[in-house]
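Dear colleague,

I am passing on the structure below, and my notes on it follow directly after. Please read them alongside the coordinates.

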Amino acid sequence: MSHVSEEISDGCPDISVLKVYFKLQRQQGYYVLQIYTPCTLLVVMSWVSFWINKEASPARVALGIMTVLSMSTLGFGLRTDLPKVSHSTALDIYILSCFGFVFAAMVEYAVINYAQIVYIRKQVHDLKGLDSNSAVGVTINRSQANE
């Protein structure tokens, strides 16, 4: 903080003006270490589920639930330390987008799991149809051979 005092010289020597300059600087290290880095690491950790085998359901579900819960705890826990404002900030948008990425990774597993179940049911249905057709074909061939 610095201040400058000067007198106005327009015929009134008893009027003075005080100018004050404030230099405000935000300390970004706190936000980088406490908010941005953990949120980014949680998003990257949720992407690890893309490389886990789709048959390893317990591992994928545990990883997905853990990252969603950690992200929500981190997002809501940070709001207590920050000032209350009526508008959304860049930090709010960043936390919501990180939560969206983490949640999307979990939804991706659900979609893949459902698609795999539908595929397996279709394969079983096709195999049952193939078995019944081959059994009918064998009986037809035997009856034709007996004639």
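This is a predicted model: local features need pLDDT of at least 70, side-chain atom pairs count only at pLDDT 80 or more; totals for chains, interfaces and linings use all residues.

A nonpolar patch on the surface is formed by V44, W47, V48, F50, W51 and F101, which together have about 640 Å² of accessible area. Patches here are made of residues with over 30% relative accessible area and no salt bridge, where like charges are joined within 9 Å and nonpolar side chains (Val, Leu, Ile, Met, Phe, Trp, Tyr) within 5 Å; a salt bridge is a side-chain nitrogen of Lys or Arg within 4 Å of a carboxyl oxygen of Asp or Glu. Accessible areas come from the Shrake-Rupley method with a 1.4 Å probe, and for residues only the protein chains shown count as cover.

Residues are numbered from 1 along each chain as its sequence is written, and side-chain values use heavy atoms, with hydrogens and water left out.

As for the fold, the chain has 3 helices and 2 strands, arranged along the sequence as β-β-α-α-α; helices (H or I, at least four residues) and strands (E, at least two) are DSSP runs, numbered from the N terminus. Of the 147 residues, 17% count as buried, and the accessible surface of the chain comes to about 11,500 Å², with 65% of it belonging to carbon and sulfur atoms.

The unreviewed UniProt entry annotates residues 31–52, 59–78 and 93–112 as "transmembrane region", although such annotations may be inferred rather than shown by experiment. In the model, residues 31–52 are 77% helix and 0% strand, with end C-alpha atoms 32 Å apart, whereas residues 59–78 are 100% helix and 0% strand, with end C-alpha atoms 28 Å apart.

Finally, the cysteines: the structure holds 0 disulfides, a disulfide being a pair of cysteine sulfur atoms within 2.5 Å. C39 is in no disulfide, and the nearest cysteine sulfur, that of C98, is 4.9 Å away, which is too far for a bond. C39 is buried, with a relative accessible area of 0%, and C98 also counts as buried, at 5% relative accessibility.

Conventions: Buried means under 20% relative accessible area, exposed over 50%, partly exposed in between (1.4 Å probe, protein chains only).
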